[in-house]
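Please keep the structure open as you read.

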Amino acid sequence: MKKLTLWALLLAFCMPAHAVTPYQMSDSWEQISIYDVKNPTDLFGEDWAALAAGNAESMNAMTIGWGQFGTLWQRPVVTVYVAPERYTNEFMDRSEYFTVTAFPKDKKDSLLYIGTHSGRDEDKLKKAGLTPEFTPLGNPIFKEATLAIECKILYKEPLKFYLMPEKTREFYNERKITPHIQYIGEVINVWQKSQ
Ligand SMILES: Cc1cc2nc3c(=O)[nH]c(=O)nc-3n(C[C@H](O)[C@H](O)[C@H](O)COP(=O)(O)O)c2cc1C
């Protein structure tokens, strides 16, 4: 035991002070308040976003067009909707956190790619030219993004088919997908690119 402690101490002294942990984010990110996010409604409408969950060992992400910013239980929240069939849902289901990232307009092709291919079948993030980085809490965001919102899951529930308007039921029937799962996440951190 004494020997082990000595080795640990020796190792700690030999590590360079700037040693990079696997969770380090690049310097170009700066932390901002959720209330300073510009045009938040565009994120889920026109501009699209990436929803990611997992960690440095295993993660996945997909494009989302549905979601909201809001307030619940006196907390700032982001709500997203994930079809249970998505590979990303497996990560959402076992994660405490998720992230929503926004990209510059010239990355729309990348978002189209990860929104039409599954991480189950291929390394789609690499093919889409997206580079995962990890927050200090270990959650995935992307080097190419301009805004990253880190959320802690507060509540999740599948949308109920029988409570939906008739037209919306048709949407699910035509696509043969199960109703989306609503994930409400408390906003824990928001970063934007400084330049
Ligand atoms: C513009 C756009 C918006 C999308 N929005 C959502 C969404 O809000 N929720 C959802 O479950 N799927 C959405 N999708 C579909 C998923 O991104 C798509 O099925 C993806 O391939 C799933 O990948 P995965 O299997 O790796 O998780 C959207 C796709 C696109 C192109």
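1. A word on classes: Ala, Val, Leu, Ile, Met, Phe, Trp, Tyr, Cys and Pro count as nonpolar, Asp, Glu, Lys and Arg as charged, and the others, Gly among them, as polar. By that scheme, the shell around the ligand holds nine nonpolar, 10 polar and two charged residues.

2. Some ground rules: this is a predicted model, where local features need pLDDT of at least 70, side-chain atom pairs need pLDDT 80 or more, and totals for chains, interfaces and linings use all residues. Residues are numbered from 1 along each chain as its sequence is written, and side-chain values use heavy atoms, without hydrogens and water.

3. The ligand is surrounded by 21 residues, each with a heavy atom within 4 Å of the ligand. Among the closest are Tyr 81, Thr 88 and Lys 124. Strand E3 (59-64), strand E5 (75-82) and helix H3 (87-94) each supply at least two shell residues (helices, H or I, of at least four residues and strands, E, of at least two are DSSP runs, numbered from the N terminus). E3 gives the most, with four.

4. Now look at the ligand's oxygen atoms. In the side chain of His 180, an N or O atom is 3.5 Å from an oxygen of the ligand.

Notes. Polar contact = N/O pair within 3.5 Å; in protein donor to acceptor, adjacent residues only side chain to side chain.
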